[in-house]
Amino acid sequence: MVGIVVDGEPHEVPAGGNLLQSLLSLGLDLPYFCWHPALGSVGACRQCAVVQYRDENDVTGRVAMACMTPVAEGLRIGLKAPAAVEFRAGIIELLMTNHPHDCPVCEEGGECHLQDMTVMTGHTFRQYRGLKRTHRNQYLGPFINHEMNRCIACYRCVRFYRDYAGGDDLQVFASRNQVYFGRFEDGALENEFSGNLVEVCPTGVFTDRTFSAHFTRKWDLQTAPSVCVHCGVGCNTTPGERYGTLKRVINRYHGDLNGYFLCDRGRFGYGFVNCADRLTEPMLHGQPVTRAEGRARLRDVTFKGAIGIGSPRASLEANFALRELVGPENFYAGCADADYAMLDTIRRVLASWPVHSPSLREVEGADVVLVLGEDVGNTAPRLALAIRQATRNCMLAAAAELKIAPWQDAAVRELAQQVRGPLFVLATTGTRLDELAEVVVRRTPADIARLGFAIAHALEPAAPAVSGLSDEDRQHAESIAEALKRADNPLVVSGTGSGEPAIVEAAAQIACALSRRRKQPASVSFVVPECNSLGLMLLDPKRLGKALESAESGSVPAAIVLESDLFRSARTEAVESFLSRVGETVLLDHSPQATAHRAQIVLPVGTFAETEGTFVNGEGRAQRFFAAMSPRGAAMDSWRWLAEAHPRHDWQCLDEVTGACAAAIPVLARMVDAAPRADFRIDGLKIPRQTHRRSGRTAASAHIDIREPQPQDDTDSALAFTMEGDAFDAPAALRTYSWAPSWNSNGQSIAKFQDEVGGALRGGDPGVRLFEPVQRGAAPWFTEIPRAVAAEPGVWLTVPRYHVFGSEALSARAESVVERIPAPYVALHPSDLARLGHADSVELNWHGFREVLPVLADDTVVPGTIGVPVGLPGMPCGPCPRTLALRKAEPHGSGVST
Amino acid sequence: MTPETILTAAEIAEIQAELAHYPSPSAASIEALKVVQKHRGWVADEPLKAVASLLNMSPEDLDAVATFYNLIFRKPVGRTVIYCCNSVSCWMLEADVVRERLSERLGIGFGETTPDGAYTLLPIVCLGACDHAPVVMVGERLCHDVRPAQIDAVFADDVGPASTASAR
Ligand code: SF4
Ligand code: SF4
Ligand code: FES
Ligand code: FES
C-alpha cells in the first residue's frame with residue numbers, strides 16, 4: 001500500500017496500480033471512457049483528468065490523466081481542482097459536438113456511460129451550433145445494431161474485439177473527426193464475443209439487436225441473478241423480463257469466473273425461452289390435461305416402480321428430487337455413455353487426485369498452457385477467452401522487466417508486438433485456439449491420448465511409458481514436457497469434446513505428474529458438455545446404457561425422463577426399443593424435442609429464466625440461479641413436480657430440497673452456501689427484482705384488469721417480484737441488477753460493488769467450490785494406454801467437431817442464433833476427398849441408417865478421419881458412431897465404393 | 001476469387017518485390033497500396049481485398065491503413081489532386097479563404113472532382129512548410145505563401161520547380 005493525497009485528504013491505495021483505478025476503488029467518482037479494468041489504459045479520451053501537484057507547496061499543479069498516472073507514495077492530486085473540473089467539462093463538450101441528441105430513441109439510454117459521464121461533468125448546455133458529422137451504419141449480423149453517429153472515438157470496441165478477443169473483422173477507418181468503427185463491408189461480426197461490444201462501448205453505437213426487437217428500458221426490466229445454461233463454464237448472467245417475455249441476457253460480473261465478458265452463445269441463446277412452441281401444458285397421450293391430472297399420473301407411474309433419467313442441464317435440486325422419487329439405485333444419467341465415462345473420470349480426478357481445478361481468473365494467470373484434445377473455443381468459449389489472455393503473460397513479463405506496468409496497455413503491446421506465450425494445442429482436428437499456439441499437433445483421438453501419456457511419462461518417470469511412439473511424437477512429448485517443467489504456473493486443459501476417454505485420463509495424468517514434480521497441485525481444467533453435467537455426476541447416477549439394457553429384459557415398468565432428449569444421448573434404434581418396452585414414459589421438459597413426441601405423459605417445466613436451483617460447472621463450483629419471471633402456462637420447477645409426487649417428502653420450498661441434497665450427498669454438503677436462504681432479509685424486506693424507477697406498475701396490465709395485480713409470491717428465494725426493498729445492499733449472489741447513484745451502466749456501476757475495481761465482488765464472489773486438491777494423495781496412474789489405430793480401407797474414424805452456434809441444443813433454438821448455424825456437413829482431409837473422387841456429398845452408414853451429407857474439404861482434418869459436427873440441426877440423431885463407412889453419393893443410382 | 005484474378009501480373013510482381021523489404025507482410029501495406037494506385041489511379045474494394053489476401057491480412061486491417069492516409073485514394077480522383085493544408089499554421093494564415101477561392105474557381109468542395117475529371121480538391125494535414133503558410137499542393141508541386149487574391153497563380157503552368165514555386 002502507498003499513501004496518496006486526494007483533495008487534501010490522505011488515502012491508502014495498493015501500490016502498482018494506476019490512479020484512475022485507485023480512485024474508483026476508493027469509491028470516488030471520476031469520469032472516464034477509454035480505460036476499462038480488463039483492457040487497461042491508453043490515455044486516449046482525456047476524460048479522466050486530475051490536477052497533479054509536485055509537493056505540498058505546489059498550489060498550481062498540472063493536468064494529468066489519472067489512467068496513465070502510476071500511484072506512488074506521496075502522490076498529491078486534486079480531483080475537484082477547478083482546472084481539472086474545467087478540463088473534464090471541456091472534453092465532454094468536445095465529444096458532444098458530434099454526438100446526436102437522440103437519447104430518447106437510443107437503446108443505450110438509461111444505462112449509458114456517456115449519459116452518466118456527461119451528467120457527472122455538469123455539461124448540460126450546448127454551445128456548439130455547427131453541423132454534426134454523420135456516418136452510414138452497417139448491417140453487422142443478427143446480434144448487433146450499429147449507429148456510428150453516436151461514437152465518441154474512445155477506441156474501446158476495437159481494443160476489446162481485436163486485442164482482447166482476437167477478432168479481425170472490426171477496425172477503425174479514416175482519421176480525425178471522421179474515424180469510423182466498423183467492418184470492411186456489411187456482414188455479421190464473426191468473433192464469438194461480439195456481444196460484449198454492447199457493454200464495452202460506452203455509448204449506443206453497438207446495441208443488442210435481439211433486445212431491440214422487443215425493447216424495454218433497463219429500469220423497466222425485471223431481473224435476477226442467473227447462470228448461463230449453454231455450456232459447462234457457468235458464466236454468471238442477468239436475464240431481464242417484461243410483459244412475460246425474456247428480453248435479454250447481460251453479463252453479471254464474477255471476479256473469478258466470467259469477469260466482464262460473456263460469449264455470444266450465452267448472451268443471445270436466450271431466445272429459446274420465448275419460442276412459441278414451448279411445452280406449457282401437461283399432456284397425456286397428446287391431449288392437454290390439468291396440473292392435478294399430470295401430478296396424479298406422475299404418482300401412478302412412480303408407484304409402478306419407475307426408473308429416473310436425470311439431466312445434465314437441470315438443477316441439482318431437480319435431479320436430486322428425481323433420484324429421491326425413484327431411489328438412487330434406479331437413477332440414471334441422461335447423457336451419452338461415452339460422456340458418462342469421461343465425466344466419471346473427471347469427477348474422480350477432481351475429488352481425489354492431487355490436482356487443482358482453476359477458476360478462469362487463475363487460467364488467465366497460467367504461463368504455459370497445454371490443450372489436449374479439446375476445441376475449447378467452440379465447447380467452452382469463455383474459457384478459451386481466458387486462455388487467450390494467458391498467452392499474453394510472456395508479454396507482461398517482458399514489460400515488467402522494463403518496469404512497464406501491466407495496465408500500460410499500448411506500451412505493453414508495442415513492446416511485445418505479436419509475441420505470445422507458450423500454448424501447445426494437441427488436437428484431433430483444427431481448433432479455434434490454433435492461431436495462438438506455438439505448436440499444433442493433430443492426430444487421431446487415440447494418438448492424442450498416447451501423446452498425452454508420453455508427456456506425463458516425460459515429466460514423471462513413474463507414470464507408465466508409451467511404446468511404439470513415432471520419433472516426431474516422442475520429440476513433441478519431450479519438448480512440451482520441458483516447457484511444462486520450466487513453467488511457474490503450468491495449466492493443462494482438456495475435456496469431453498473429443499469423445500475419447502483416454503484423452504481425459506491422459507490430461508489428468510499430465511497434471512498429476514506435474515503435481516508430483518512440483519510437490520504442489522498443478523492445474524487442470526476440464527471442459528464438460530453442459531451447465532450441470534458435473535452436478536449430475538455427483539449424484540452418482542448409473543450410465544444410460546444400463547437403463548436401456550435393463551429395459552431389454554422387460555423389467556422397466558416406467559421411466560421418468562428429466563429435461564433431456566434421449567435421442568441425442570443414444571442410438572435411435574436403442575431409444576426406440578427402450579421407449580416401446582417401457583410401460584410408460586413421463587418427460588419433464590420445457591422445449592419440444594424428439595423424446596417429447598414419444599412420451600405418454602409430458603409435464604411442462606420452467607427454463608433457467610423461470611426457475612431456481614443450483615448448477616455445478618466444470619470447475620466444480622456450485623452456483624445458484626434465480627427466476628427472473630414466472631413460468632408460462634402450467635409449467636413449474638421440475639423439482640416441484642417431482643417433490644409433489646413423492647409419497648413421503650413434504651418439501652415446500654427450494655431450500656428444503658437443497659438442504660436434503662446437501663445432507664444426503666457428502667460432496668455437495670456446501671451447496672447450501674451457494675446463496676443466502678429464502679428467509680434472508682434486508683431491513684425486513686426481500687431483495688427486489690424490479691428497479692426503484694420501474695414505470696407503468698399500475699398500468700401495465702390495466703387493459704386486462706384495472707386492479708393492479710398482486711405481486712406474485714416467491715417462496716423459494718429471498719427475491720421478490722416487486723420494486724420494494726434494497727437491491728443495492730444485497731449480497732453478490734442475490735444482486736438482481738447492477739446500479740449505483742450516478743452509475744447506470746452495467747459494466748461500470750459494478751465498480752461500486754467490488755473490493756477493488758476489476759477484483760472480487762465485495763463479500764466474496766458467489767458460488768462454492770466443491771473440490772479442493774487432495775494435498776498428498778498417491779493417485780494411482782492410469783495404466784491403460786490405448787493402442788494406435790490403423791485406418792482400415794473404406795472405414796473412417798469419426799472425430800467430433802463443435803460449433804459455438806449449433807452444437808448446443810437450447811441456444812440453437814434461438815431465432816438470432818439460427819442465422820449463424822452452419823448447414824449440416826461432414827469434413828474430410830483433401831487427400832481423402834480426392835481418393836473419393838472429389839464428391840460433393842457422401843453417403844454414410846450411421847448406426848445402420850443411410851444418410852447423405854455434403855462433404856467439405858478441410859486440411860485440419862487428420863487423414864483417415866472424418867469430422868462430424870456435433871448437434872447441428874439437420875445432422876443425424878444420436879451420438880456420433882466411432883467409425884463410419886462411407887462412399888461417394890451419386891446423384892442417381894449406385895454409389896462408388898472406396 | 002484469388003488475387004491473381006483481380007490484380008495484374010505486374011502489380012503482383014511489384015508487391016512481391018516490396019514484401020521482400022519487410023519482416024512481416026503487413027508492414028508492406030502502404031507500399032502495396034501505392035502499387036495498385038500507381039496502376040489504377042485509385043484503390044477500389046476488390047483490388048483492396050486482393051492485396052489484403054496477398055499480405056495475409058483481413059480486408060479490415062488493410063482498409064484501416066488505406067483510409068487513414070490522405071494519399072491513398074479509395075475513390076476515383078481527377079487527373080490532378082489539389083491538397084489544401086488546413087493544419088494550424090495555414091489555418092491561422094487564412095487557409096480557409098484560400099480553400100474558398102479554390103472551390104469557387106473549380107466549382108467543387110473538399111472531396112469532390114470537377115465534372116471534366118481534371119481536378120480533385122482534398123484537405124491535408126501539415127505539409128511541413130508552415131513557415132510559408134498557407135500552403136497548397138497541386139499534384140506533386142508545392143505552392144507556398146498562397147494569397148487568396150491571386151489564386152490563379154496556383155494553376156499557372158509556368159511556375160518553377162516545387163521547392164521554389166511561389167504564388168505570391
Ligand atoms: S464505437 Fe463505441 S467503443 Fe468504439 S470508439 Fe466509438 S464510442 Fe468507443
Ligand atoms: S462460455 Fe459457456 S457459460 Fe459462458 S456465456 Fe458462453 S455458453 Fe455461457
Ligand atoms: S480514461 Fe483516462 S484518458 Fe481515457
Ligand atoms: S500547417 Fe500547413 S504546412 Fe504546416
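**First stop: a helix pair**

Select helix H9 (residues 316-326) and helix H25 (residues 654-664) of chain A: their axes come within 9 Å and cross at roughly 70°. Helices here are DSSP runs of H or I, at least four residues, numbered from the N terminus, and axes are lines fitted to C-alpha atoms over the stretch in contact, with angles from 0 to 180 degrees between N-to-C directions. That makes H9(A) roughly perpendicular to H25(A), a label for angles of 65 to 115 degrees.

Before moving on, note that this is a predicted model: local features need pLDDT of at least 70, side-chain atom pairs count only at pLDDT 80 or more, and totals for chains, interfaces and linings use all residues. Residues are numbered from 1 along each chain as its sequence is written, while chains are lettered from A and ligands numbered from 1 in the order in which they are written.

Now show the side chains. From H9(A), pick A:Leu316, A:Glu317, A:Phe320 and A:Ala321; from H25(A), pick A:Leu654, A:Val657, A:Thr658 and A:Cys661. These residues make the contact (C-beta atoms, placed from the backbone, within 7 Å). They divide into 6 nonpolar, 1 polar and 1 charged. Nonpolar covers Ala, Val, Leu, Ile, Met, Phe, Trp, Tyr, Cys and Pro; charged is Asp, Glu, Lys and Arg; the others, Gly among them, are polar.

**Next: the ligands**

Jump to ligand 1 and select what is around it: A:Cys151, A:Ile152, A:Ala153, A:Cys154, A:Tyr155, A:Arg156, A:Cys157, A:Phe181, A:Cys201, A:Pro202, A:Thr203 and A:Val205. A residue counts here if its C-beta atom, placed from the backbone, lies within 6 Å. By class, that shell has 10 nonpolar, 1 polar and 1 charged residues.

Which residues come nearest to ligand 2? Of the 14 around ligand 2, they are A:Cys228, A:Cys231, A:Cys235, A:Gly266 and A:Arg382. Colour helix H7 (264-268) and helix H13 (381-390) of chain A too, as each supplies at least two residues of this shell.

Finish where the chains meet: 10 residues of chain A are in contact with 8 residues of chain B. The chain A side has 5 nonpolar, 2 polar and 3 charged residues.

How values were computed
Two residues are in contact if their C-beta atoms, placed from the backbone, lie within 7 Å. Angles under 35 degrees count as roughly parallel, over 145 as roughly antiparallel, 65 to 115 as roughly perpendicular and the rest as oblique.
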